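Subject: Handing over the structure, with notes

Dear colleague,

I am passing on the structure that we spoke about, and I would be glad if you read the notes below with it open beside you.

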Amino acid sequence: MRTLDAKWHRAQRYLEEGNVASARAAMESILASDPDQPHAHVMLGGIAWKADQIRVGTEHALAAMHCRLDSPEFICDVIAALASVGEAAAVHDLLAHPLLTYMPVTVPVLMRLSGLAQGNGEHGRALACLERARSLGAGGAEFLEYLGVQLVFNGKLDEAERTLE
């Protein structure tokens, strides 16, 4: 594990220095040691995407989805990577990840999930995330405006009107 940590820190340092080729090689080395490293897949997918290697970026985003995902925050990162390459079905599947349902999730994560769900056309799921965020104390004018819009998308016009007022 120590070697993996060293490789990961080296890859991050290369990225910070703008040495994309060395960062890519370091992350590929990580995946050669352990293909179940979602962070490396997401990073390699982002590098590929920026280099207009869409197919490679898509392959890495899909590979990340099938790795061990252990935090709601990182699940959001993988969902965003999948959305960026147009993998709507995979986004739909990952939005239903058990950790997002059974693990404590913060308001910022719920807001991000709501946006990702809305972007995927899943307005019921987006609204459910907002309702869960509200139960955790989310509020304020910006939140209520976003909630009102989601209520409209979900056909709850009377509730949307009250919320937006």
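What follows is a description of the fold, the nonpolar cores, the salt bridges, the cysteines and one surface patch.

Please keep in mind that this is a predicted model, in which local features need pLDDT of at least 70 and side-chain atom pairs count only at pLDDT 80 or more, while totals for chains, interfaces and linings use all residues. Residues are numbered from 1 along each chain as its sequence is written, and side-chain values use heavy atoms, with hydrogens and water left out.

Overall fold

The chain contains 11 helices and 0 strands, where helices (H or I, at least four residues) and strands (E, at least two) are DSSP runs numbered from the N terminus. Along its principal axes, the C-alpha trace of the chain spans about 55 × 30 × 30 Å. Of the 165 residues of the chain, 39% count as buried; here buried means under 20% relative accessible area, exposed means over 50%, and partly exposed lies in between, with a 1.4 Å probe and protein chains only. Among contacts (heavy atoms within 4.5 Å) with a separation of 6 or more, residues 24 or more positions apart account for 51%. The chain exposes about 9100 Å², of which carbon and sulfur atoms supply 54%; accessible areas come from the Shrake-Rupley method with a 1.4 Å probe, and for residues only the protein chains shown count as cover.

Nonpolar cores

A nonpolar core is taken as a set of buried Ala, Val, Leu, Ile, Met, Phe, Trp, Tyr and Cys residues joined through side-chain atoms within 4.5 Å. The largest such core has 35 residues, and the members that touch the most others are Val78, Ile79, Leu82, Leu94 and Leu113. At least two residues of this core come from each of helix 4 (54–65), helix 5 (72–84), helix 6 (88–95), helix 8 (107–119), helix 9 (123–135) and helix 10, and the largest share, 7 residues, comes from helix 5. A second, separate core of 10 residues includes Ile30, Leu31, Ala40 and Ile47. As background, nonpolar side chains in soluble globular proteins tend to be buried together.

Salt bridges

The structure holds 5 salt bridges, each being a side-chain nitrogen of Lys or Arg within 4 Å of a carboxyl oxygen of Asp or Glu. One of them joins Arg68 to Asp34, with the closest N and O atoms 3.8 Å apart; because Arg68 lies in the loop between helix 4 and helix 5 and Asp34 in the loop between helix 2 (20–33) and helix 3 (38–50), the pair ties together parts that are 34 residues apart in sequence. Arg68 counts as exposed, at 54% relative accessibility, whereas Asp34 counts as partly exposed, at 21%. Arg68 also meets Asp36 in a salt bridge (2.5 Å, N to O), and Asp36 is buried, with a relative accessible area of 18%.

Asp77 and Arg112 form another salt bridge (2.8 Å, N to O). Since Asp77 lies in helix 5 and Arg112 in helix 8, this pair ties together parts that are 35 residues apart in sequence. Asp77 is partly exposed, with a relative accessible area of 30%, and Arg112 is partly exposed as well, with 35%.

Cysteines

With a disulfide defined as a pair of cysteine sulfur atoms within 2.5 Å, the count comes to 0 disulfides. For Cys67, the nearest cysteine sulfur is that of Cys76, 17 Å away, and Cys67 counts as buried at 10% relative accessibility. For Cys129, the nearest cysteine sulfur is again that of Cys76, 8.5 Å away, and Cys129 counts as buried at 11% relative accessibility.

A patch on the surface

Val152, Leu157 and Leu164 form a nonpolar patch on the surface, with about 270 Å² of accessible area together. Patches are made of residues with over 30% relative accessible area and no salt bridge, like charges being joined within 9 Å and nonpolar side chains (Val, Leu, Ile, Met, Phe, Trp, Tyr) within 5 Å. Val152 has its place in helix 10 (residues 141–153), and at 41% relative accessibility Val152 counts as partly exposed.

With best wishes
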